[in-house]
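Biologist: Could you take a close look at one part of this model for me? I'd like the packing in some detail.

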Amino acid sequence: MEAYAIFRSLCIIVITAKLLGLIARKLKAPQVVGEIAAGVLLGPSLLGIVEQSDFLAQMAEIGVVLLMFSAGLQTNMRDLIKTGPKALLIACAGVFVPLLGGSLLYSAFYGFSPIGSPDFFKAIFIGVIMTATSVSITVQTLKELGKIGTEVGTTILSAAIIDDVIGIIVLTFVIGINGGQVKPLMVVLKTVLFFVFAFILGHIIYRIFKISDKKWPHTRRIPIMGLALCLGLAYIAEKYFGIADITGAYVAGIILCNIRDSEYIAEKMDISSYMLFGPIFFASIGLRTNFDKVSSQLIFFIIGFVITAMICKVIGCYLMSRACKFKRLDSLKIGVGMMTRGEVALIVAQKGLSSSIISSAYFTPVILLILTSSILTPIILKILYSKDKEQEKEVA
């Protein structure tokens, strides 16, 4: 393959991903669904126009790092602290129940395996994929309903943030001990050491950025320095602590989320991510998806995966919300609001593939989960909030 032929592939990917992304948005689905569909269309499953390559894989890796950096930048630490205790408990339940449900689902289909075996880690990883939450659809729905600033709305947002942090830690742990190559205690030690290192470094970096932000407000050197921090922490996380690069990128975003120009940095990062790296990452998911590998047994697994992932998230968050003294209807709203999946689930699945824990066939259930949950969540939330109005009329 000629060196310059990659430009042809990039051209086709960017145009097709953006076109199908816009169509998806017009159909009230997340734009990411259209970008994934572009990869499926261009890849081996259908047209076979674009082939996956090492260069595209590396571009996709940059894309996922930038996505996690942006997610960290957009974290609201004040809201997180304000609803902290309840949101933390709800997030823990929202991680534990899907993790258990996904692991049991895989074991029910493919058999229970001894602890430490490759199939044992596959079962655990299926559960890890189910732990991720994406509330972009929920946020838009709550805004339309005028409920974004309520206790329920704030709790959903805070719990989703904590949920993703816990999910990334679990992902790091599972990848680290996969196949018994690394001792679990060593993984725990390295993870703890990384967060201690990140806390100390973060305190210093935060002060430097605060001074820089005051001296050169709203200038391009601030986003450039932020990007350097993101890439540097991503490298350090993988190279010296043996944990996922996305963890380092996410922590870099957390460090900078409270400086005055954090939104400006996120805006500049989104330009690169939106125009090039994001579409390549999501399209690469589609390029790796091969429906030829979907057997009759996998079809039943896909159905079970989608149903289990949604129900387990609702059950876990609902039960813990009730334990935190929320009303039944509000607890159900929180559970349904946490049900949507998006970028983080894809990121987790992609890391599993690159670590040889799962095969590309398992991208199909993840994609269908994102699509199904994104369609159902706004509908169910609107129905639940309409019951509030009915109750108000009955009281009146």
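Biologist: In which crossing, left-handed or right-handed, does helix 6 pass helix 13?

Modeller: Quick caveats: this is a predicted model, where local features need pLDDT of at least 70, side-chain atom pairs count only at pLDDT 80 or more, and totals for chains, interfaces and linings use all residues. Residues are numbered from 1 along each chain as its sequence is written, and side-chain values use heavy atoms, with hydrogens and water left out.

Now, your pair: helix 6 passes helix 13 in a right-handed crossing (the near helix is turned clockwise from the far one by less than a right angle). Axes are lines fitted to C-alpha atoms over the stretch in contact, and angles run from 0 to 180 degrees between N-to-C directions. Helix 6 brings I126, I129, M130 and T131 to the contact, and helix 13 brings F301, F305, T308, A309 and K313; contact means heavy atoms within 4.5 Å. Those residues split into six nonpolar, two polar and one charged (Ala, Val, Leu, Ile, Met, Phe, Trp, Tyr, Cys and Pro are nonpolar, Asp, Glu, Lys and Arg charged, the others, Gly among them, polar).

Helix 13 also packs with helix 5 (residues 84-110), at about 155° with axes 8 Å apart. That makes helix 5 roughly antiparallel to helix 13. This crossing is right-handed as well, and its contact residues come to 16 nonpolar, eight polar and one charged.

Technical notes:
Helix = DSSP H or I, 4+ residues; strand = E, 2+ residues; numbered from the N terminus. Parallel < 35°, antiparallel > 145°, perpendicular 65-115°, else oblique.
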